[in-house]
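The sequence and structure come first.

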Amino acid sequence: VHCITNDAAHVLSANMLLAVGAVPSLTTARDELGDFVRSADAVLINLGTLDDQRLEAIDLAVEAAASAGIPWLLDPVFCNRSRKRVRLACDMLTRAPAVVRANEREIEAICKQLHASGPEALAESAGTVVVASGPHDLITDGKRRAVVENGHELMSRSTAIGCAGTAVMAAFVACGDDAFDAAVCAMTVIGVAGEIAGEGAAGPGSFVHRLVDAIYCMTADQIRQGARVS
Amino acid sequence: VHCITNDAAHVLSANMLLAVGAVPSLTTARDELGDFVRSADAVLINLGTLDDQRLEAIDLAVEAAASAGIPWLLDPVFCNRSRKRVRLACDMLTRAPAVVRANEREIEAICKQLHASGPEALAESAGTVVVASGPHDLITDGKRRAVVENGHELMSRSTAIGCAGTAVMAAFVACGDDAFDAAVCAMTVIGVAGEIAGEGAAGPGSFVHRLVDAIYCMTADQIRQGARVS
Amino acid sequence: VHCITNDAAHVLSANMLLAVGAVPSLTTARDELGDFVRSADAVLINLGTLDDQRLEAIDLAVEAAASAGIPWLLDPVFCNRSRKRVRLACDMLTRAPAVVRANEREIEAICKQLHASGPEALAESAGTVVVASGPHDLITDGKRRAVVENGHELMSRSTAIGCAGTAVMAAFVACGDDAFDAAVCAMTVIGVAGEIAGEGAAGPGSFVHRLVDAIYCMTADQIRQGARVS
């Protein structure tokens, strides 16, 4: 999975990808991005750091992914905090991401900008899968809709867990042929891992590492038994 | 708290801010920095990475903070190692930071450059609060002076703990109306947390996460009982 | 040790250097790189992030190191994934690095590009020490050859452990007068630490911190008893 992501998310994204058995790469350099994207199975575009270099890299990576038929995912971090960012997020929705994953406030900001009535309408009009994360995660492609109730409160008390989760989702999208199913599975697996990690965690510092351990160690049975999806 | 900080400090600064209940943001992108700074309650400027983009971002962020009346803090990391950096640190002192926090060697380098006789004289002439961290932390605004003796030796054996501590101090400055008091409180809280984390830590690796856990979990009683301030 | 390294390796490289008692610095800024390099005892050049700024910094840092007689090490991360990167790695081999450390696939890519028959031939023709890491690490200067069998499988399941290991190797090269011996010692120490850390680790998340703890805490006896070098 090739990730163009924010400075605070590099390490955790790489480690969560390694924990699920994927190979992360992270470069944003113009001259080699094409090589990296074309040899990847999915691409993550996270808008958390938008310097000039990354803006150019985002454009190049999406173009390379599109022309090679490689699915890409959009994580419009903090697009509710900056006008530039919400406009960029909306522009990128016209370029056919497989999935858009954001928290409720970020999805709201995008819906408002595009006059969409909610996640379903947004998914329908953009032809994508929308994942609105929160205490309960909503996943929809406009027609289907799933709610994942797994997760742990400490997941929002440590930086980049959401961003790294979208990177893991990219690995799931790469392995399946239905982005909706892949997104539901990814949110469930990460949520169940969060619950395992949260049990007995002393705080958000130790939680992060327990989360990586849980993702690495968890069994299909643990996922099946822990999943709360409707 | 909006942080312009060095590459090695992003994750820990964000995590320590989340642990005290603050919302971190980290962007350096020219077009959206104003939006982020104006919606923040304090700004941290850390000189640990001085590429062109960050130099421009530092200038824009300080300007935006000043014109919006938002307090900003300066952390002149390693200004004792580079002539450019000590000059920049001195320039920035003329732009009214609420607090300058640095280790003893960095404060010395600034004092030498400005012909100040010590932290008190520096605080007085620059009209700021100076925090000189070390085995004992000295906090002064030129008139008042406090010494915080809390802390643990492992705090200097893991990267970015000082940088992240200044980010937490920014959150304290945002919440109070006296930067001197806020700085004393922040150094005390982090020092006490360091002592809690250090007890039983196997080394600097596990110490960092125990520190984040301790900051997240500690009670007012623990702080009151642990504080060694004079 | 001054490190020009990739975004995902900053924190761990700094922490592993602090754990062995070295002082890490990480800047890439043109105007101060010379000051930092000249006051360092060794320089690490890691090709993991190749944006314009870092490309320029790499060139400046190698020049400054060479003219000051400071040894520098090359870590050509992922040069098997990008044509630009393998060419750059080969160019840099003509500038007399003390050590090139890479995994087997990366060394293969360089050998292929330079028509070298293997690590020994590469070391001989480039006049450097080649470290080819893998389940067994091969270290050679073309004449001498050592194999280090220490290590733990979790070392490849967390990001930047190899990159940070090369940073630690730079500290070893700085302290000795034979880069071959220094490289063998560094690989052994890190491998033994990996074995100590791996015992009882719940997964790759907790492993990383146990590794830093192990490097910080290990004794000469532990290294002597644990070493499997031939």
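## A buried loop residue

Between which elements of chain C is the loop where Leu47(C) is found? Leu47(C) lies in the loop between β2 (43–46) and α3 (52–68) of chain C. Helices (H or I, at least four residues) and strands (E, at least two) are DSSP runs, numbered from the N terminus. Leu47(C) counts as buried, at 0% relative accessibility. Buried means under 20% relative accessible area, exposed over 50%, and partly exposed in between (1.4 Å probe, protein chains only).

Contact means heavy atoms within 4.5 Å. Setting aside residues up to four places away in sequence, Leu47(C) touches Ile58(C), Leu74(C), Asp75(C), Pro76(C), Val77(C), Arg85(C), Leu88(C), Ala89(C) and Met92(C). Ile58(C) is eleven residues from Leu47(C) along the chain, and their C-alpha atoms are separated by 8.7 Å.

## Basis of the model

This is a predicted model, in which local features need pLDDT of at least 70 and side-chain atom pairs count only at pLDDT 80 or more, while totals for chains, interfaces and linings use all residues. Residues are numbered from 1 along each chain as its sequence is written, chains are lettered from A and ligands numbered from 1 in the order in which they are written, and side-chain values use heavy atoms, without hydrogens and water.

## Chain C against chain A

Here 22 residues of chain C are in contact with 27 residues of chain A. The two chains bury about 2200 Å² between them, 51% of it on carbon and sulfur atoms. Buried area is the accessible area (1.4 Å probe) that two parts lose on being put together, summed over both. In chain C, Arg81(C), Arg157(C) and Thr159(C) lose the most area to chain A, together 28% of what that side buries.

Four salt bridges are counted between chain C and chain A. A salt bridge is a side-chain nitrogen of Lys or Arg within 4 Å of a carboxyl oxygen of Asp or Glu. One pairs Arg83(C) with Asp35(A) (2.6 Å, N to O). On the side of chain C that touches chain A, α4 (83–93) and α9 (204–217) of chain C are the elements that give two or more residues. The largest share, four residues, comes from α9(C).

Thr159(C) sits in the loop between β7 (145–148) and α7 (161–175) of chain C. Thr159(C) counts as buried, at 16% relative accessibility. Leaving aside neighbours within four places in sequence, Thr159(C) is in contact with Val11(A), Ala14(A), Asn15(A), Leu18(A), Ala8(C) and Leu12(C).

## Chain A against chain B

On this interface, 22 residues of chain A are in contact with 27 residues of chain B. The buried area is about 2100 Å², of which carbon and sulfur atoms give 51%. Arg81(A), Arg157(A) and Thr159(A) supply 28% of the area that chain A buries against chain B, more than any other three residues.

The salt bridge count between chain A and chain B is four. In one of these, Lys84(A) pairs with Asp31(B), the closest N and O atoms being 3.2 Å apart.

## An enclosed helix

Why is helix α1 (residues 10–19) of chain A largely enclosed by the rest of the structure? Nine of its ten residues are buried. Among them are His10(A), Leu12(A), Ser13(A) and Ala14(A). The buried residues of α1(A) pack against β1 (2–4), α3 (52–68), α7 (161–175) and α9 of chain A. After α1(A) comes Gly21(A), whose phi is positive, near 95 degrees.

## Salt bridges

The structure holds 42 salt bridges over all chains. Arg30(B) and Glu56(B) meet in one of them (2.8 Å, N to O). This pair links distant parts of the chain, with Arg30(B) in helix α2 (residues 30–38) and Glu56(B) in helix α3 (residues 52–68) of chain B, 26 residues apart. Arg30(B) is partly exposed at 40% relative accessibility, and Glu56(B) is partly exposed at 33%.

Asp52(B) forms a salt bridge with Arg30(C), the closest N and O atoms being 3.0 Å apart. Asp52(B) lies in helix α3 of chain B and Arg30(C) in helix α2 (residues 30–38) of chain C, so the pair joins two chains. Within chain C, the side chains of Arg228(C) and Glu195(C) meet in a salt bridge (2.6 Å, N to O). Arg228(C) is in the segment after α10 (220–226) and Glu195(C) in helix α8 (residues 179–198) of chain C, 33 residues apart.
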